[in-house]
Amino acid sequence: MVKKHIKIGTYKEEDVLFLLKDLSDTKLEDSTINRERKIQSGTHYSESLPIEYQPPQEYVELFWKMVMEYKQKVALCIGVVAEQIYQLKGKQAVLVSLARAGTPVGILIKRYIKLRYEVSLPHYSVSIIRDRGIDENALNYIMSEHSEGKIQFVDGWTGKGAISLELTKACKEFEDKYGRKLDDTLAVIADPGYCTTFFGTREDFLIPSACLNSTVSGLVSRTVLNEKYIGKNDFHGAKFYRELISADVSNEYIDVITAEFASIFTKADEISTKRRNEEIDTGFYGMMNVESIQADFGINNTHYIKPGVGETTRVLLRRVPWKILLRDASSPFVQHILMLAREKGVEIVEYPNLQYLCCGLIKSVKEIDK
């Protein structure tokens, strides 16, 4: 059993402890097209890494424009979900963010609770992988360190709900195997897919940390589960992209949002208290929308359909996009998507029946190889 966390990435250890194996010296990257071919031929996406896309200066400037314009909105959403967590679990809460999109969100929740309640909650970042489950070695480590702790899982946003379902399944398997029951509720900034009861908003809006890759996530890669490099007693792996330090904005982004917290304490408390007394629907309605898109565009696998601003951004940054569906091209939350789509020559399709603001469709291998 692995005994301790490692220092990886550019975040401060008082903000987050990564329970990951450092694979920085391992060659795991492949070109986007090669990787897409392998994934669609049955190789699991977690066995390799995409080459980290570095956007042009114009795009980085748009990122900062969005951060400054919507920093208070992001801060309020963080505050609402942080209040929900603290009201339910108090000082016993142990924040466990899902690497990597969950990591900056977990840090912000931890910062909010520290400022508001003067309580410093433990915060770990662990790996969960679709169809492969959560890192059980990491969970066992956390429980050995915090035997009375109440784990709270954290992520950035929900798309169609694949990770929410994966987490529920993983928690059930963990309980069956180890006899320890875990709360599978996922705390997120935005829940446009109606997948959880712990959310800041259900509006599909741009969470600025979704705009960039590792440079807003502590220079940590996506997580890796490849048995060539990960033994049965290891944590799942990740790389630290030290070569990108000059482009790293991770801590700067955290500080900008943190500076807004004091001004939204009262409003966040009011919203979360009101929500506690409401019946919150978790009907996974986004999946119905995905099934309509699947029928309309003749797509044989829902894995190729990525709804929501965050997921559409990911398709453009690290997959091979086929089309981008937009409900409203004038929304400020999709301007970076329009910029990326133009840069990569991806077709934009107006699709007014979207529950989300936008949706990314991944190109099938047959189309790539034509």
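Glu 58, Tyr 59 and Leu 62 of helix α2 meet Gln 335, His 336, Met 339 and Leu 340 of helix α10. Contact here means heavy atoms within 4.5 Å. Helices (H or I, at least four residues) and strands (E, at least two) are DSSP runs, numbered from the N terminus. The model is a predicted one: local features need pLDDT of at least 70, side-chain atom pairs count only at pLDDT 80 or more, and totals for chains, interfaces and linings use all residues. Residues are numbered from 1 along each chain as its sequence is written, and side-chain values use heavy atoms, with hydrogens and water left out.

α2 and α10 (residues 335-344) pack at an angle of about 170 degrees, and their axes are 10 Å apart. Axes are lines fitted to C-alpha atoms, for helices over the stretch in contact, and angles run from 0 to 180 degrees between N-to-C directions. The angle therefore makes α2 roughly antiparallel to α10. The classes are these: under 35 degrees is roughly parallel, over 145 roughly antiparallel, 65 to 115 roughly perpendicular, and the rest oblique.

Stay with α10. Its buried residues are His 336, Ile 337, Leu 338, Met 339, Leu 340 and Ala 341. Buried means under 20% relative accessible area, exposed over 50%, and partly exposed in between (1.4 Å probe, protein chains only). The cover over these α10 residues includes α2, α9, β14, β15 and β16. Gly 345 follows α10 and has a positive phi, near 65 degrees.

Four strands form an open sheet with mixed pairing, in the order β13-β16-β14-β15. Two strands pair if DSSP finds at least two bridges between them. β13 (305-307) and β15 (347-350) are the edge strands, each pairing on one side only. Neighbouring strands of this sheet are turned by 20 degrees against each other on average, direction ignored.

Now look at β16 (residues 358-362). β13 pairs with β16 in the antiparallel sense over three bridges, and Lys 306 stands opposite Gly 360 of β16. β14 also pairs with β16 in the antiparallel sense, over five bridges. There, Leu 326 has Cys 358 of β16 as its bridge partner. Both faces of β16 are covered. Cys 358, Gly 360 and Ile 362 are buried on one side, and Cys 359 and Leu 361 on the other.

Helix α9 (residues 309-318) lies across β13, β14 (321-326) and β16, running at about 35 degrees to β16. α9 is mostly covered, with nine of its ten residues buried. Among the buried ones are Val 309, Glu 311, Leu 316 and Arg 318.

Is Thr 302 buried or exposed? Thr 302 counts as buried because its relative accessible area is 17%. Not counting residues up to four places away in sequence, Thr 302 touches Lys 160, Met 287, Val 290 and Gln 294.

A second sheet deserves a look. This open sheet has six strands in the order β1-β6-β5-β9-β10-β11, with parallel pairing. β1 (17-18) and β11 (198-201) are its edge strands, and each pairs on one side only. β5 (residues 93-98) and β6 (residues 123-126) pair in the parallel sense over four bridges. Ser 97 has Ser 125 in β6 as its bridge partner. Helix α3 packs on the sheet, touching β1, β5, β6, β9 (150-154) and β10 (186-190), and its direction makes about 155 degrees with that of β5. Helix α4 (residues 136-145) packs on the sheet too, touching β5, β6 and β9, and its direction makes about 165 degrees with that of β6.

α3 (residues 102-117) also packs with helix α6 (residues 250-258), at an angle of about 40 degrees and with axes 10 Å apart. That angle makes α3 oblique to α6. Residues in this contact include Leu 108 and Arg 111 of α3 and Tyr 253 and Ile 257 of α6.

Tyr 253 leads on to the core. Leaving aside neighbours within four places in sequence, Tyr 253 is in contact with residues including Phe 63, Trp 64, Leu 108 and Ile 207. A nonpolar core is a set of buried Ala, Val, Leu, Ile, Met, Phe, Trp, Tyr and Cys residues joined through side-chain atoms within 4.5 Å. The largest one has 85 residues, of which Ile 78, Ile 109, Tyr 112, Tyr 253 and Phe 261 touch the most other members. Helix α2 (residues 57-89) gives this core its largest share, 16 residues. Apart from this core lies another, of 26 residues, among them Val 94, Leu 139, Met 143 and Phe 235.
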